[in-house]
Amino acid sequence: MHEWSIAEGIVTTLLESFKDQKVLEVEIKIGELRDLNIEVLREALSILSKGTNLEDSRFSLVVSKAVFKCLSCGEKWMMDKALEILGEMLDASRYIIEEGELEPPIHFIPSLVAGLQKCPRCGRIDIEIESGKELEISKVYLSQ
Ligand SMILES: [Zn+2]
């Protein structure tokens, strides 16, 4: 579970950056396209903070929605549309992939969604992910 190594990185960074300060609250932004289990991450943060300066700090985990953008026409779309497009792309690929090679994608959906997109307006595949891949400590509130 990489949630634990991510939590460890966050806790270590905070402890090093705010050695002599009291951290009241930390906001962590997590993109919807990250294959992360928020509850596991929350638990890992709480367990790893025990006995440290962060023991009483509040961690708020904010999920940022995925936004895809077409580089050709500028169209933007979100996860619900992206899942529809993914379904269409996988249906189409069934005809070119030998039978039996296509594994059910359920487990890897967040990463698959990003890789298998085309513009719902113009049909091109030159797209960028405008948001949804973040993983950052976005705010830290310190006690005065
Ligand atoms: Zn387009």
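This note sets out several points on the fold, the cores and one cysteine of a predicted model.

1. Overall composition. The protein contains four helices and six strands. Read from the N terminus, the order of these elements is α-β-α-β-β-β-α-α-β-β. Of the 144 residues in the protein, 19% are buried. Among contacts with a separation of 6 or more, 82% join residues 24 or more positions apart.

2. The largest nonpolar core. This core has 13 residues, and those that touch the most other members are Ala7, Ile10, Val11, Leu14, Val26, Ile28 and Leu45. Two or more residues each are supplied by helix 1 (2-17), strand 1 (23-31) and helix 2 (38-49). A student may wish to find these elements in the structure before reading on.

3. Valine 26 and its contacts. When residues up to four places away in sequence are not counted, valine 26 touches Leu14, Ser57, Phe59, Ile137 and Val140. Another core lies apart from the largest one; it has eight residues, including Ala66, Phe68, Cys70 and Ala82.

4. The geometry of helix 1 and helix 2. Two packed helices are described by the angle between their axes and by the distance between those axes. For helix 1 and helix 2, the angle is about 45° and the axes are 9 Å apart. The crossing of helix 1 past helix 2 is right-handed.

5. The residues between these helices. On the side of helix 1, the residues are Glu3, Trp4, Ile6, Ala7, Glu8, Ile10 and Val11, and they meet Val40, Leu41, Ala44, Leu45, Leu48 and Ser49 of helix 2. Sorted by class, this contact comprises 10 nonpolar residues, one polar residue and two charged residues.

6. Cysteine 119. Where does cysteine 119 lie? The residue is placed in the loop between helix 4 (109-115) and strand 5 (127-131). Is cysteine 119 buried or exposed? Cysteine 119 has 21 other C-beta atoms within 10 Å, and a residue is buried if that number is 20 or more, so cysteine 119 is buried.

7. Partners of cysteine 119. With neighbours within four places in sequence left aside, cysteine 119 is in contact with Cys70, Ser72, Cys73, Glu75, Arg124 and Ile127. Cysteine 119 and phenylalanine 68 are 51 residues apart in sequence, while their C-alpha atoms are 8.8 Å apart in space.

Conventions. Residues are numbered from 1 along each chain as its sequence is written. This is a predicted model: local features need pLDDT of at least 70, side-chain atom pairs count only at pLDDT 80 or more; totals for chains, interfaces and linings use all residues. A nonpolar core is a set of buried Ala, Val, Leu, Ile, Met, Phe, Trp, Tyr and Cys residues joined through C-beta atoms within 7 Å. A residue is buried if 20 or more other C-beta atoms lie within 10 Å of its own, exposed if 12 or fewer, and partly exposed in between; C-beta atoms are placed from the backbone. Two residues are in contact if their C-beta atoms, placed from the backbone, lie within 7 Å. Axes are lines fitted to C-alpha atoms, for helices over the stretch in contact, and angles run from 0 to 180 degrees between N-to-C directions. A crossing is left-handed if the near helix is turned anticlockwise from the far one by less than a right angle, and right-handed if clockwise. Ala, Val, Leu, Ile, Met, Phe, Trp, Tyr, Cys and Pro count as nonpolar, Asp, Glu, Lys and Arg as charged, and the others, Gly among them, as polar.
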